[in-house]
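Here are a few friendly notes to read alongside the model. Please keep the structure open as you go through them.

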Amino acid sequence: MTNARRADIDTLRAISVISVIIFHLEQSYFPNGYLGVDIFFVISGYLITQSIIKNLNNNNFKFLEFYFKRIRRILPAFLFVLIFTFLFAIYIYLLADLNRFLQSLISSLGFVSNFYFWITGGYFSTNDQLKPLLHIWSLSVEEQFYLFFPIFLFLLYKISKKINFNLLIVLLIIFISYFLNLFFIYKGHRDVIFFMFPARVWEFGLGVFFAMLPKIKI
């Protein structure tokens, strides 16, 4: 990742965070504030793609280095949140609620909490107050992107370094992911598209597309 700060990216991040916070403080103030998470996914796709492509073009991309950077960036604050929440949960929760919390804690540590919270009632269920780690679902989705995307992009560049071809592949994947959203909406399964990584791929894909677009050759 480049060390240079970008005002446009930082502004989008600020808008995303503020919109989500307002939504959770009082939904009537900003009913669609949860869409800030979607903006974050697009930003992640954009920045990670820029970083990987730069290293691929310089022939110095290393998977272990990429993953260690992500670990160093995320893990300290993430573990602090989990430990802090765990200590309060022991003090506040009854045994049955504590058991459910520990299940969510374990799933969060494995970065599969999006699966857990989908299975256990979704995001807008009536017992959300008993799920202090519910918001970790988005981090799990993002970590799944970090895990699989570098492999995908590396293989894509091994097949062809032609940016036009790569953009077409990215557009195809965006279309497939977005079609999955339409399909599950039609079937009435909105929780699936809210939590599951395949249904979020099109958002990361938009970021990937815009990161690649300036390199297109006409």
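By about how much of a helix are arginine 200 and glutamate 203 separated in helix 9? About one helical turn, because the two are 3 residues apart there.

1. First, some ground rules. This is a predicted model, in which local features need pLDDT of at least 70 and side-chain atom pairs count only at pLDDT 80 or more, while totals for chains, interfaces and linings use all residues. Residues are numbered from 1 along each chain as its sequence is written, and side-chain values use heavy atoms, leaving out hydrogens and water.

2. Arginine 200 forms a salt bridge (a side-chain nitrogen of Lys or Arg within 4 Å of a carboxyl oxygen of Asp or Glu) with glutamate 203, the closest N and O atoms being 3.2 Å apart. Both residues are buried, meaning under 20% relative accessible area with a 1.4 Å probe, protein chains only.

3. Arginine 200 also pairs with aspartate 38, with closest N and O atoms 2.8 Å apart. Helices here are DSSP runs (H or I, at least four residues), numbered from the N terminus. Aspartate 38 is buried, at 15% relative accessible area.

4. Elsewhere, aspartate 97 and arginine 100 form a salt bridge, with closest N and O atoms 2.4 Å apart. Both lie in helix 4 (residues 95-109), 3 residues apart.

Methods. Buried means under 20% relative accessible area, exposed over 50%, partly exposed in between (1.4 Å probe, protein chains only).
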